[in-house]
Amino acid sequence: MASPNLRSSGILSIAAGLLFGGFMFFHPANTPQGALEDIWVPVHATWLISYLLIICSFLPLYQAFIAARGLLPKVGYYLAFLGTVLSLPIAVWDSFVVPYLAKHAPDFIAQIEEISMETPVLVFRIVFFLTVLAFSLGFVLYGIAAVRLLSMPMLGGICLAVGAPTFWAGALFFSQGALGNLVTEMGAVLFAIGLVSLGATLLTKSIDGEKDSLVASRG
């Protein structure tokens, strides 16, 4: 039987996975015209909520990952958590700022995201790519650590580790090309399967009391 904290983490992880895995199937084209569609804001707000749920799901796992032996669980936890927190402004940008700019100044979107060499814009882009790097690498390590530490199914760990970088690779490099959102959708679904698998695992775990040290020793 799972402890209350782990059970809440598991439920949040499953909910986050369902939202993250579903939102891309309703995503309109990544163009200013697509941002003007009515569904743009709800789709991206769903993405934003999934990040908030992931962050909340991390908190009950802090002690288990930080007390684990070795650097991998700690680095994976901190990087994945940091990458998720830093993803919130990106989700807010896409959810609410991009539609506003698409309506009033569509050319300004490309200037900020791709063209302009102004210092504030360059800082924005650097932070963006550092966020993508932290999120992608963090969940690669986090997925590996979860398999070792929590006995999460190997398939679920692989989905977390592969889904996170695939999602961002699709968003950054393929969404404007012939593949459109396909690669991003694949990454989102893989990542979602990993989150749901992790959540299901947590619902059956108990690492309170004496079992804390047992789980920590597995790291």
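Let me begin with the pair α5 and helix α7 (residues 119–150), which pack with their axes 6 Å apart and at an angle of about 140°, where axes are lines fitted to C-alpha atoms, for helices over the stretch in contact, and angles run from 0 to 180 degrees between N-to-C directions. That angle makes α5 oblique to α7, given that under 35 degrees counts as roughly parallel, over 145 as roughly antiparallel, 65 to 115 as roughly perpendicular and the rest as oblique. In the contact of α5 with α7 there are 19 nonpolar residues, six polar and one charged; here Ala, Val, Leu, Ile, Met, Phe, Trp, Tyr, Cys and Pro count as nonpolar, Asp, Glu, Lys and Arg as charged, and the others, Gly among them, as polar.

Before going on, a word on the source: this is a predicted model, in which local features need pLDDT of at least 70 and side-chain atom pairs count only at pLDDT 80 or more, while totals for chains, interfaces and linings use all residues. Residues are numbered from 1 along each chain as its sequence is written, and side-chain values use heavy atoms, with hydrogens and water left out.

Among the buried residues of α3 are Trp 40, Trp 47 and Phe 58, buried meaning under 20% relative accessible area, exposed over 50%, and partly exposed in between (1.4 Å probe, protein chains only).

Where in α5 does a kink lie? A kink of about 40° lies at Val 97, shortly before the proline Pro 99, the bend being the angle between axes fitted to the seven residues ending there and the seven starting there.

Finally, two serines in loops. Ser 151, between α7 and α8, has a positive phi of about 60° although it is not a glycine, and Ser 151 is partly exposed, with a relative accessible area of 35%. Ser 175, in the loop between α8 (154–174) and α9 (182–202), counts as buried at 12% relative accessibility.

Key
Helix = DSSP H or I, 4+ residues; strand = E, 2+ residues; numbered from the N terminus.
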